[in-house]
Amino acid sequence: MTFQTLDDLDDGQRVLVRLDLNSPVEDGTVQDNRRFDRHAETISELVDRGFEIAVLAHQGRPGRDDFVSLEQHADILAEHIDHDVDFVDETYGPQAIHDIAALDGGDVLVLENTRMCDDELPEEDPEIKSQTEFVQTLAGEFDAYINDAYSAAHRSHASLVGFPLVMDAYAGRVMETEYEANTAIAEKEFDGQVTMVVGGTKATDVIDVMTHLDEKVDDFLLGGIAGELFLRAAGYPVGYDIDDANLYDEQWEQNSEKIESMLEDHRDQITLAVDLAYEDENGDRAEQAVDDIEEKSVSYLDVGSETVMEYSPIIRDSEAVFVKGALGMFEDERFSVGTAGVLEAIADTDCFSVVGGGDTSRAIEMYGMEEDEFGHVSIAGGAYIRALTGAELVGVEALQR
Ligand SMILES: Nc1ncnc2c1ncn2[C@@H]1O[C@H](COP(=O)(O)OP(=O)(O)OP(=O)(O)O)[C@@H](O)[C@H]1O
Ligand SMILES: O=C(O)[C@H](O)COP(=O)(O)O
């Protein structure tokens with residue numbers, strides 16, 4: 001371990017703690033998830049050790065429905081640590097600075113969504129981020145910075161890479177354990193077939209990483225938004241936005257060349273859905289073979305049952321299976337067939353498995369499986385698959401300086 005941890009920090013100081021509480025949001029309501037469970041351990045330890053604690057975290061992306069305040073997160077965190085948690089609707093404005101100054105030992109204050117500050121985004125060099133008003137203002141208020149947000153450590157954002165350059169910096173418990181687990185996994189060698197299930201909504205992240213994993217992974221099983229974009233590249237009339245949706249076209253523009261060249265060079269490593277599911281006029285799940293789709297007139301919200309039947313034996317024959325992203329909108333039970341089916345197939349085998357992602361890992365409990373049926377359940381999605389390539393994460397590098 002090449003960074004300082006909480007074991008190196010004297011009790012009772014004023015600490016600024018970066019968590020990753022980025023959560024699914026349904027109709028404006030933040031959904032509790034494994035990230036709160038895991039980060040609660042770090043925060044409870046800090047409370048017990050008498051630190052004065054301010055929490056930084058982000059939620060969603062500007063322009064998306066999940067871009068909301070952290071007020072609800074503060075309440076959910078309070079339940080997990082069984083201790084009061086205050087919230088201030090500023091990140092580094094005068095009220096925030098006032099509330100920070102008023103903290104006593106054991107107090108916890110959640111600051112507003114970092115992505116509501118202009119300085120947080122976009123991705124820039126850590127040196128540039130460290131000079132922003134956001135970082136310079138908050139750094140002066142604390143004795144130390146703690147980064148517990150391994151799952152966001154692939155982003156060069158101010159709250160992740162700026163502070164370690166200007167103040168004492170430490171890894172929190174989640175950062176420590178996720179770093180150890182994911183680094184060990186990246187170094188593992190497997191004798192047999194290695195399979196990666198790729199889905200979710202962040203196609204740009206996964207496609208970029210897939211192009212670096214083609215020697216490590218024998219079979220990519222595709223679903224979700226990423227899967228539909230691959231189907232589009234393979235000539236099927238799907239993978240574009242209909243209605244007001246904004247999930248496909250922008251990601252297609254950014255990735256179409258990569259997808260097309262992956263398909264051309266690695267067609268035998270890529271398995272695409274043979275059928276897709278949608279909501280019919282009665283509100284029921286309906287399925288359609290991709291060969292029968294003439295034009296996309298409905299949103300496809302899951303892979304179909306035939307696809308699960310094709311993917312399951314590949315999983316059974318694998319020595320290792322990595323999951324990044326859901327195969328469908330599993331939060332709605334009608335569209336959980338792909339995600340739950342694939343996870344059940346993994347749980348039924350004794351292969352080594354990793355299920356990653358803040359959203360995707362929720363499907364384990366939702367569909368009656370247990371965490372110990374998998375080798376490792378990571379609260380990191382994009383960060384863990386990037387770590388699989390052997391690449392360093394910029395937020396971890398900043399801590400190691
Ligand atoms: N066809 C689809 N249409 C709409 N949403 C989909 C579809 N397929 C999957 N999803 C959604 O994808 C989400 C999970 O993928 P996402 O890209 O957010 O990754 P993740 O596992 O949370 O990883 P990360 O931690 O990187 O965010 C689920 O919430 C699911 O509803
Ligand atoms: O959920 C995640 O994977 C992290 O919180 C990073 O979020 P982002 O993909 O919106 O940067």
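Let's start with Phe220: leaving aside neighbours within four places in sequence, this residue is in contact with Met196, Val198, Met210, Leu213, Asp214, Met262, Gln269, Ile270 and Thr271, where contact means heavy atoms within 4.5 Å. This is a predicted model, where local features need pLDDT of at least 70, side-chain atom pairs count only at pLDDT 80 or more, and totals for chains, interfaces and linings use all residues. Side-chain values use heavy atoms, without hydrogens and water, residues are numbered from 1 along each chain as its sequence is written, and chains are lettered from A and ligands numbered from 1 in the order in which they are written.

Now the core. Phe220 is among the residues touching the most other members of the largest nonpolar core, which has 98 residues; Leu111, Leu138, Phe163, Leu222 and Phe230 are the others. A nonpolar core here is a set of buried Ala, Val, Leu, Ile, Met, Phe, Trp, Tyr and Cys residues joined through side-chain atoms within 4.5 Å, and buried means under 20% relative accessible area, with a 1.4 Å probe and protein chains only.

Next, the arginines. UniProt, in an unreviewed entry, places a "binding site" at Arg35, Arg115 and Arg155; its positions are in the numbering used here, feature names are shortened, and annotations may be inferred rather than shown by experiment. Is Arg115 buried or exposed? Arg115 is buried, at 9% relative accessible area, and Arg155 is buried too, at 13%. Arg115 has Arg155 among its contacts, along with others including His58, Phe67 and His157. Arg155, for its part, also contacts residues including Asp205 and Arg386.

Methods
Buried means under 20% relative accessible area, exposed over 50%, partly exposed in between (1.4 Å probe, protein chains only).
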